[in-house]
Amino acid sequence: MTTQKKKLIEVAIPLEAINIASSYEKLPGIGPHPRGIHLWWARRPLAACRGVLFAQLVDDPSSHPDLFPTHEDQETERERLFSIIEDLVKWENSNNEEILAKATSEIARSCGGDLPPIYDPFAGGGSIPLEAQRLGLPAFGSDLNPVAVMIGKAMIEVLPQFSGNAPVHSGPKDRAFYKGLQGLSEDFRHYGEVWCDIVREKVGHLYPEVRLPQKFGGGSGKAVAWLWARTIPSPDPALGGLQVPLIRSFQLSNVKGRKAWVEPIIEGGKFRFEIRAEAFGDKGEPPEGTVGRQGGRCLVSGAAMPLSYIREQAKAGRLGQTLVAVAVERSGGKLYLSPTDELSAVPNAPAMEDFPSGTIDHWPGCTNCVVYGMDDFSDLFSARQAHSLLEFSESIRDVLKIVEDDIGKENRQGLDANEYTRALAILLSFALDRALDFNNVLTGWRPGNEKIMYLFSRHAIPMVWDYGEANILEDVVGGMPGIIKYQAKCVETLPASGVGSIMQADARLVQYPKNVVISTDPPYYDNVPYSNLSDFFYIWMKRNLKKFVPDLFGTVLVPKGDEIVANQFRFGSKENAEIHFLNRMRETISNFGAQVNNNFPITIYYAFKQSEIEVEGLSSTGWATFLSAIIESGLTVDRTWPVRTESSSRLRAIGSNALASSVVLVCRRRNEAAETITRNEFIRSLKKELPSAIAELQAANIAPADMPQSAIGPGMAIFSRNRAVLESDDSPMTVKTGLQLINRELDEYLGGIQGEFDSDTRFAITWFEQHGMGKGEYGAANSIATARGISVDSVRHAGIVESSAGKVRILTREELSDDWTPESDTHLTVWECLQHLVKIHESDGISHESAVLLKKIGSQAEAVKDLAYCLYDISANKRKDAKEATAYNALIADWTELTRQAAAVHDTRGDRQIRMDI
């Protein structure tokens with residue numbers, strides 16, 4: 001019997017590098033990305049998927065004691081593997097063939113030369129299978145949701161068939177040699193332009209040029225957006241049912257130097273709008289909007305309009321609309337036109353037959369448009385939008401006929417014409433779906449960059465009061481020409497190589513390939529109402545693609561009954577939803593747990609719902625329920641790695657004291673000989689094993705904010721390796737209780753660190769915990785000092801506190817001397833070392849000065865890091881001081897790089913002058 005080899009992810013990973021790359025990847029403006037091919041909610045960053053897959057498959061050096069016999073040898077080898085991951089996860093290296101080949105070779109070496117198949121039974125947006133394919137691994141996945149399946153099938157199965165092919169269009173070619181999907185991408189752009197031309201001939205009259213006033217130079221221009229506000233009858237009887245606007249904000253632009261807004265003019269019981277703009281000498285500020293979360297007010301009379309009244313009027317069909325402004329693109333920036341009868345008049349769009357429709361499955365809080373009478377997807381489009389979108393859909397077949405003709409003229413590449421037209425049909429359909437996201441009556445207007453904001457900026461179909469209607473025929477935000485250009489570039493970012501397949505399947509019933517390795521990103525309790533939202537796209541996909549993928553679009557709407565989401569509105573109560581989620585998740589995990597390759601761990605992503613954690617902490621209902629499903633399925637949870645995937649800057653993402661947005665759980669099948677233990681035995685095991693595990697995490701510079709989530713891994717490893725943990729009444733301990741006990745032991749461990757510091761530092765910790773930076777009575781301070789064998793004068797002499805007039809307080813970092821150095825301090829304390837280091841780090845980050853100071857601190861460095869963990873815990877969890885907690889968290893987040901730079905600092909002369917070795 002062969003012994004299971006520990007994989008890198010079960011011991012250590014370069015978490016900070018993965019977090020930085022994951023956060024960076026979510027930033028706007030990084031350029032084309034596979035996610036741009038089609039929207040999906042809560043996708044995992046590709047960087048995280050790549051890094052996790054590599055660490056899941058590659059052996060940890062401790063598995064090869066013959067090659068790496070000592071701890072130092074193993075650490076050296078880990079650092080080598082870490083360097084591969086650090087290169088691998090960088091966004092700019094996504095398609096770097098040399099780095100990818102190096103990673104694939106390393107994986108093959110750990111897998112005996114045979115690359116194992118990767119399977120994600122909750123494939124969603126396809127991040128995990130896509131990155132498995134990028135690493136040269138056989139990539140498989142499935143999902144119940146047909147929209148998700150179509151996205152994954154396109155990226156991993158359909159489009160890669162044409163890697164290396166030249167384009168087939170009859171126009172001039174962009175290049176002589178085509179690599180990857182460049183040829184298909186060029187055809188998509190070319191035929192996309194043909195598509196726009198065809199539709200422009202049919203609906204161009206709906207988007208006429210607008211006449212410009214003389215103050216703008218006269219002439220005419222192309223409108224890029226019409227900005228509308230919904231209206232309802234005023235509740236003021238004196239206004240005779242006048243339709244008044246519901247406007248969240250009158251601001252059109254807050255770009256410096258080009259601020260513009262709408263000024264409502266009230267005259268004779270009526271209103272009109274005029275544009276004000278800094279560019280034309282107007283001064284002032286826009287008025288407050290007329291509607292918000294609590295309700296609205298009548299613009300004319302000021303009468304209150306509660307949300308209940310607004311909903312009543314909306315459901316009665318009394319919602320109207322009024323034009324607020326028209327945006328026109330000009331050199332030097334947008335200009336805005338005041339509404340006129342001419343601008344407000346939309347050319348007649350004929351009634352559309354066969355327009356995609358379907359009832360919106362209501363999830364309160366996520367689909368709030370329903371409570372305002374918009375309960376069918378066809379209600380979400382203006383007449384102009386509906387006509388244009390349907391013409392784009394109808395014209396796909398005209399474009400494909402041209403494609404077929406071009407292939408038939410001279411098919412030197414031996415292309416399968418049916419497969420190629422299917423690929424282009426999918427891409428055109430995906431372009432239409434992206435246009436749907438921008439061309440509906442629930443899009444906002446963003447004054448910051450003067451653009452229409454797409455509908456799915458969050459996981460919801462909310463009600464929007466003032467919305468933008470884009471010019472879909474122009475190369476603007478929301479326009480089809482720009483969408484096609486962008487998506488064509490995104491296509492080129494796909495790996496487009498290797499074996500891959502995505503199918504529709506219930507995750508509980510999947511039959512897996514032999515020797516499969518599972519890495520999966522399942523639904524997160526009640527975080528995202530996937531099926532409710534994806535119906536928005538499904539009804540259009542079904543119309544456009546059923547001919548090409550007939551087995552995928554057999555239902556009226558997306559299947560919902562078997563979806564593994566805790567939807568209390570579907571199942572009648574939160575309790576019933578939790579039971580549904582737990583049972584089906586347990587069945588799914590049991591299914592793949594029984595078929596998985598035992599030589600590899602399983603990795604499972606879990607995304608925290610931040611609002612839930614803020615109330616319940618790390619023993620939240622969703623998290624505990626998810627862990628229960630894993631453990632009850634016969635798996636153990638051996639590690640938990642917090643991955644930060646929010647779109648934010650490095651300083652905010654890593655240096656803040658917010659919890660990581662996702663956790664990767666590393667699991668193995670539980671030993672069949674597992675025992676049942678008591679509560680006391682579990683606690684004793686925690687006390688015995690958890691401190692060393694936490695110390696290892698600290699040694700790896702896990703940020704304090706990430707420590708609670710990281711410590712769950714070794715804690716749950718103890719809990720889940722047993723068949724059960726019994727309470728005093730012989731009932732099984734719940735996972736929620738287990739989590740609470742793990743967190744308690746973590747708190748005790750961090751508190752116990754205090755006993756290892758010098759007496760003055762221990763005084764300062766206790767005083768800080770009780771008073772923060774505020775003043776306290778001298779008598780209380782003297783009692784604390786005496787208990788530590790010192791006096792208040794000792795702490796004052798150390799430069800930690802100020803004592804006067806019977807009061808004591810800790811000196812703030814701003815009060816510390818800039819001339820202080822450790823070597824000149826005759827009463828050196830860990831507290832001072834940390835505070836001076838934090839002071840420099842807050843000001844300069846990782847810098848020459850902070851590295852020099854850390855070098856000077858020398859042997860006290862580890863104690864300084866321990867104190868940072870301790871003070872973070874006090875600041876974040878006891879004093880609720882987010883600013884102070886962030887300072888300590890940021891320092892630990894940068895500790896690895898700071899230590900590396902400090903190591904490059906060396907003494908040059910006997911006077912111990914220190915410089916950076918550059």
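1. A charge is taken to sit over a ring if NZ of Lys or CZ of Arg is within 6 Å of the ring centre and within 35 degrees of the ring normal. By that rule the charged end of R384 sits over the ring of Y207, 5.5 Å from its centre, and R384 also lies over the face of W226, at 4.0 Å from the ring centre.

2. On the basis of this note: the model is predicted, so that local features need pLDDT of at least 70 and side-chain atom pairs count only at pLDDT 80 or more, while totals for chains, interfaces and linings use all residues. Residues are numbered from 1 along each chain as its sequence is written, and side-chain values use heavy atoms, with hydrogens and water left out.

3. On the core: a nonpolar core is a set of buried Ala, Val, Leu, Ile, Met, Phe, Trp, Tyr and Cys residues joined through side-chain atoms within 4.5 Å, where buried means under 20% relative accessible area, exposed over 50% and partly exposed in between, with a 1.4 Å probe and protein chains only. The largest such core has 292 residues, and those with the most contacts inside it are W195, L380, M480, L665, F682 and M716. Its largest share, 13 residues, comes from helix α11 (residues 417-438); helices (H or I, at least four residues) and strands (E, at least two) are DSSP runs, numbered from the N terminus.

4. Leaving aside residues up to four places away in sequence, F682 touches I677, G715, I718, F719, V725, M733, G738, L741 and I742, contact meaning heavy atoms within 4.5 Å. The C-alpha atoms of F682 and L726, which are 44 residues apart along the chain, are separated by 9.1 Å. With the same exclusion, the residues that L665 touches include I602, Y606, W623, F626 and R639.

5. On aromatic rings: rings of Phe, Tyr and Trp (its six-membered ring) pair if their centres lie within 6.5 Å, and planes under 30 degrees apart count as stacked, over 60 as edge-to-face and the rest as tilted. The structure holds 30 aromatic pairs. One of them, F216 with F280, is edge-to-face, at 5.0 Å centre to centre and 65° between the planes, and links distant parts of the chain, 64 residues apart. Within this pair F216 is buried, at 10% relative accessible area, whereas F280 is partly exposed, at 41%. The rings of F355 and F381 have their centres 5.8 Å apart and their planes at 70°, so this pair too is edge-to-face. Both F355 and F381 are buried, and they belong to one aromatic cluster whose members include W40, W41, F377 and Y530.

6. On cavities: on a 1 Å grid over the protein atoms alone, a cavity is a set of points where a 1.4 Å probe fits but cannot get out, and lining residues have an atom within 4 Å of a point. Of the 31 residues lining the largest cavity, the closest to its centre are F122, G124, D143, P523 and Y530.

Notes: 1 Å grid on protein atoms, 1.4 Å probe; cavity = no way out; pocket = protein on both sides within 12 Å on 5 of 7 lines; lining within 4 Å.
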